[in-house]
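Dear colleague,

I am passing on the structure that follows, together with some notes on what was found in it. Please keep it open beside this message while you read.

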Amino acid sequence: MTGSGDTMTRVGRAALFAVLLVAVFELTLRVAEPRLPPVEPWSTSEVAAKVEQMEELRAARDDIDVAFVGSSVVEESLDPVAFNSLGEETAYNAGLGAASMRSVERWTLDVVLPLTGARTLVVGVTARDLNDGGISQVEFLDRLSSSPGMLRARTPQNPAEWVENWLLEHLAIFRLRPLLRDPTRLLAIASGGEDVQETTDPEPGLFGSDRTYNGEPYDNSTQWRQAWTARQINDFSMGGIEIESLRRLLRDSTVAGVGAIVVNMPITDDFGDYLPDPARDLAEFDRLLEEVAREFDAIYLDARDLFSIEDFRDPAHLKPDAAAELTAMLHELIQQTTG
Amino acid sequence: MLFNSLQFALFLPVVFAVHWALRQRGRTVFLLVASYLFYGWWDPRFLSLLGFSTLIDYFVAKAIDSTTVERRRKLLLATSMIVQLGILGFFKYSGFFVQSAVDLLTSIGVEANPSFLRIVLPVGISFYTFQTMSYTIDVFRRRIPASRDLFSFALFVSYFPQLVAGPIERAGRLLPQIQAHRNFPSGEKIASGLVLIGLGLFKKVAIADVMAPIVNAAFANPSSQSSLALLVGIYAFALQIYGDFSGYTDIARGASRLFGIELMRNFEQPYLSRNITEFWRTWHVSLSSWLHDYLYVPLGGNRKGPRRTYLNLMIVMVLGGLWHGAAWTFVAWGALHGIFLAVHRMLGHYSPRGFQGKFSFRRDALRAFLTFNLVCIAWVFFRAPSFESAWDYLIGLVVLRLGLPPISWLVLLVPAAVMVFLLDLAQRNADDHDVILTWRPVAQGLVYATFLLGVVVFSGGPTIPFIYFQF
């Protein structure tokens, strides 16, 4: 048995020794940092490519008037090339596959608007984007919001985020975390081999969807349905955190002087069938979306039933011709409202 | 609010400082407010449910205590049980039972299309419901008097370190500590509390969360994995759930120690158990002892012959499985453990003395390894999203499918397993969860630096909530 004083002395010495070890580790990392491969700042190559495109546009002083934001539904169903061909105003598609409103909120406010300087925001939404119970949506948000690029871009919302930003800026242990926790990369670096970081998705084409349409038939296959219901719909519920994010997005963009158009995006009847109670859920979705748009004086465009099933490549994404058609409608609406 | 978040890292010191700046009465009220803030951070809507559960049992227990009429006492107890189990049943099990009934009807050709209520499961409801139920039952059994202090009782139900994932404390242990005059903890107590918090964070962030991607990959499509990859996957899950849950308990105990309140040990190095009975005496001790005291013993325990004992074991383990989640896979997990326990008893290896002290490699390694693998087989049902998936997993383990797991899996799994084993071995052989504090400064310093670096390096990725929050 040791006395309390002995224990405290030992703990005190041990704590000092631990601090010393951590300091040595930090210094070693600082020395090694220039020779280490760079830490990927963004969660997916799609996000990284979009950021790079927007940065290039900003560097070239190419003004972007309109930014499209939302999930893959926006990415696929709105066509900035078609938009740009209709007049002098320019658009950029910042839609992110797998995002929901919570991701869209932070992505738009912290990255898209600062980089593009867009004066009009088109927010495309489906019931899936307002689902509080989706698995894919949460996973995407987690990856996006914990990526170093997003952490640096964000405006700290609370003291904890402020502290984290400070640590990221000043300590190599924090900056190099993504590298340090990847054993395969570390082993490759240690053995002097090639860096083996994997990319998880294809790069998107400039200003447009990353998926090329080659005339495939409408896809509502079992595989699609299973993936959709298990991961995107899962424990479907609306009216909570996701709609709150849309509210904050519209509120903050209004405060920043950015006009907003909320689009109830086109879907097929099959999409509704994935919801637990299709008629009720879609009616509730329409009501929520229109109510929030009205609350912030945003323009509301209900495009849900504007297209027939031949216009879709799957229950939630339009074919290119239909996407160009929807974009033309939006263009006209923007012309009417902004004069 | 998650223990492994920066919010909590700021919340805890503030609550600690304000708590000790107040007088005794103020401390209880302040800890209660802090606990409600902690819970409400997740979803304030369910604070009313927590408050309702508290008020029901506070007043029912007082009424039980104030009457000697046995019929009235029983009626009051039944009221409390119906309300508490009703709340738990509604929020946790209604969807499960409706779906099971629909599936049954469909299987016999009857079309059923009920409209489902979409019910969000309040975090920690199974934990605080069991805690408050044990209080009312203990008052009914005249083991403890009813609390006359609503604030203290409300804090007993909602005490933030253990509110959402236990340990499920008994009123006889926790309430007196809440009501007693607490002195500012000694330096040694504070140090041991901080070390427990550090150990818990390390287990959660650098062990459990690191195992999570391996487990997710192995269970996502078991039929496409090699047998060896599936074996690594299930070992990784065993580490994940242990690191996650015992890590939570360590943080809870460490944080509570800072407020002068000692919470019970919930894990006693379960993977060093030499048989399945010992495993259940060392895994989630607060739940297994709850089930023993409030279910197994009232059912007759082992007092009514061997057959009835086996049946009681099965009932307790199946209900214990269902406690974890509203799914048949949890029932299967519980049933499998019920069978293991019954067989162990049948073979005559049961020892009422509990676990038997120090771990000796020569004597215990093989038995512990076999027990660990039995536990791992059952974990397949616990983790798999469906029976079909669990079956695929077990088939894949048994039918030899050649191939190696990704090297990164092994690079992560092996050091994690070694660290958990060494930490558990040190705690077991010293019979002391604070054994690290007795080590030489250099050894302690190495451990603290490992904790700190492990937590820093492996945090900052996607937030992975504690597994037991969903229960």
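**Strands in chain A**

Strand 1 of chain A, which covers residues 66–69, pairs with strand 3 of chain A in the parallel sense, over four bridges. Please bear in mind throughout that this is a predicted model. Within that pairing, the bridge partner of Phe68(A) in strand 3 of chain A is Val122(A). Strand 3 of chain A also pairs with strand 4 (residues 259–264) of chain A, again in the parallel sense and over six bridges, and there Val125(A) has Asn264(A) of strand 4 as its bridge partner.

How many of the six residues of strand 3 of chain A are buried? Six of the six residues of this strand, which runs over residues 120–125, are buried, so the strand is largely enclosed by the rest of the structure. Thr120(A), Val122(A) and Gly124(A) point one way from the strand, while Leu121(A), Val123(A) and Val125(A) point the other way, and all of them are buried.

**Around Val74(A)**

Val74(A) belongs to helix 3 of chain A, residues 72–77, and it counts as buried because it has 28 C-beta neighbours inside 10 Å, where 20 or more are required. Once its neighbours within four places in sequence are left aside, Val74(A) is in contact with Phe68(A), Val69(A), Asn93(A), Gly95(A) and Gly124(A). Asn264(A) lies 190 residues from Val74(A) along the chain, and the C-alpha atoms of the two are separated by 11 Å.

**Confidence in chain A**

The average pLDDT of chain A is 86, and 92% of its residues score at least 70. Over residues 198–208 of chain A, however, the pLDDT is below 50, although in the model this stretch has 25 contacts beyond near neighbours in sequence.

**Chain B and its domains**

Chain B has 17 helices and zero strands. For its 471 residues a compact globule would have a radius of gyration near 23 Å, and chain B agrees with this because its own value is 23 Å. Its C-alpha trace spans about 65 × 65 × 45 Å along the principal axes, and buried residues make up 45% of the chain. Of the contacts in chain B between residues at least 6 apart in sequence, 76% join residues at least 24 apart.

The domain assignment divides chain B into domain 1 (6–184) and domain 2 (188–274 + 355–470), with 28 Å between their centres, taken over C-alpha atoms. Where they meet, 19 residues of domain 1 of chain B are in contact with 17 residues of domain 2 of chain B. On the domain 1 side, helix 1 and helix 7 (171–179) of chain B each supply at least two residues, and by class that side has 10 nonpolar, six polar and three charged residues.

**Where the two chains meet**

Between the chains, 31 residues of chain B are in contact with 33 residues of chain A. Helix 1 (6–21), helix 8 (187–220), helix 16 (407–430) and helix 17 (441–458) of chain B each supply at least two residues of the side that touches chain A. The largest share of that side, 11 residues, comes from helix 17 of chain B. By class, the side of chain B that touches chain A divides into 18 nonpolar, 11 polar and two charged residues.

With best wishes

Terms used: Residues numbered from 1 in each chain as written. Chains lettered and ligands numbered in written order. Predicted model: local features only at pLDDT ≥ 70, side-chain atom pairs only at ≥ 80, totals over all residues. Contact = placed C-beta atoms within 7 Å. Nonpolar A, V, L, I, M, F, W, Y, C, P; charged D, E, K, R; others polar. Domains from an automatic or database assignment. pLDDT = per-residue confidence, 0-100. Buried ≥ 20, exposed ≤ 12 C-beta atoms within 10 Å, placed from the backbone. Pairing = 2+ DSSP bridges. Rg over C-alpha atoms; globule rule 2.2 N^0.38 Å.
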